[in-house]
Amino acid sequence: MRYWQWVLGVAFAVGCVSGQAQGHQQGAIQVEQPYARSTVPGQAVGGGYLKISNQGKTPDKLLSATTDVAQSVELHLMSMDGDIARMRQIDAIDIPAGQTVELRPGGLHLMFMGLKAPLKTGSGFVVKLRFDKADEMKVEFKVQ
């Protein structure tokens with residue numbers, strides 16, 4: 001097999017997998033690509049990431065989240081202060097009208113606090129997202 005054929009094959013496979021990313025819609029709010037990173041035994045916290053799109057004409061806010069796999073879920077913002085990473089809990093995440101907000105490593109994210117068991121690659125769990133205007137949404141997170 002030639003190199004370019006291999007590259008195209010890998011690109012096709014990645015496209016197929018990412019094309020299977022689960023999307024969730026609740027009114028004007030759409031959630032895509034929810035995932036969490038795997039954790040090791042004894043690790044008490046984990047991170048959750050997703051994209052939230054507001055397809056409406058009115059701004060909304062993510063106010064909170066809950067899940068059965070952790071004692072609590074916090075909304076967090078990580079920022080860099082020189083060479084030091086600073087993480088802090090925030091009250092809400094603004095979702096402007098007509099825009100997408102990405103929760104990702106190194107920025108806005110969910111923190112699963114007090115994990116009841118390790119998050120294992122290939123497994124999944126439900127997170128309930130509560131918005132200011134949109135109805136509560138149940139989202140399936142995949143562990144990677």
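How many aromatic pairs does a search of the whole structure find? The search finds 4 aromatic pairs, where rings of Phe, Tyr and Trp (its six-membered ring) pair if their centres lie within 6.5 Å, with planes under 30 degrees apart counted as stacked, over 60 as edge-to-face and the rest as tilted. The rings of Y35 and Y49 have centres 5.1 Å apart and planes at 40 degrees, so this pair is tilted. It links distant parts of the chain, with Y35 in strand β2 and Y49 in strand β3 (residues 45-54), 14 residues apart; strands (E, at least two residues) are DSSP runs, numbered from the N terminus. Y35 is partly exposed at 22% relative accessibility, whereas Y49 is buried at 7%; here buried means under 20% relative accessible area, exposed over 50% and partly exposed in between (1.4 Å probe, protein chains only).

The model is predicted, so local features need pLDDT of at least 70 and side-chain atom pairs count only at pLDDT 80 or more, while totals for chains, interfaces and linings use all residues. Residues are numbered from 1 along each chain as its sequence is written, and side-chain values use heavy atoms, with hydrogens and water left out.

Another aromatic pair, F112 with F125, is edge-to-face, at 5.3 Å centre to centre and 85 degrees between the planes. F112 belongs to strand β9 (residues 108-115) and F125 to strand β10, 13 residues apart, and the pair again links distant parts of the chain. F112 is buried at 0% relative accessibility, and F125 is buried at 6%. Ring pairs link F112, F125 and F141 into a cluster.

F141 leads on to strand β11 (residues 137-143), where the side chains alternate. Strand β11 has two strand partners to consider, pairing being assigned if DSSP finds at least two bridges between two strands. Strand β10 (residues 124-131) runs antiparallel to β11 and is joined to it by 6 bridges, and the two form a hairpin with 5 residues between them. Strand β2 (residues 29-36) runs parallel to β11, with 2 bridges. L129 has M137 as its bridge partner in β11, and Y35 has K142.

Beyond its neighbours within four places in sequence, L129 is in contact (heavy atoms within 4.5 Å) with residues including V31, L50, L62, L110, M137 and V139.

Turning to charged side chains, the whole structure holds 4 salt bridges, each a side-chain nitrogen of Lys or Arg within 4 Å of a carboxyl oxygen of Asp or Glu. One of them joins K61 and D94 at 4.0 Å, N to O. K61 lies in strand β4 (residues 60-67) and D94 in strand β7 (residues 93-95), so the pair ties together parts that are 33 residues apart in sequence. K61 is partly exposed at 35%, and D94 is partly exposed at 48%. R86 and D81 form a salt bridge with their closest N and O atoms 3.3 Å apart.

Note on methods: Helix = DSSP H or I, 4+ residues; strand = E, 2+ residues; numbered from the N terminus.
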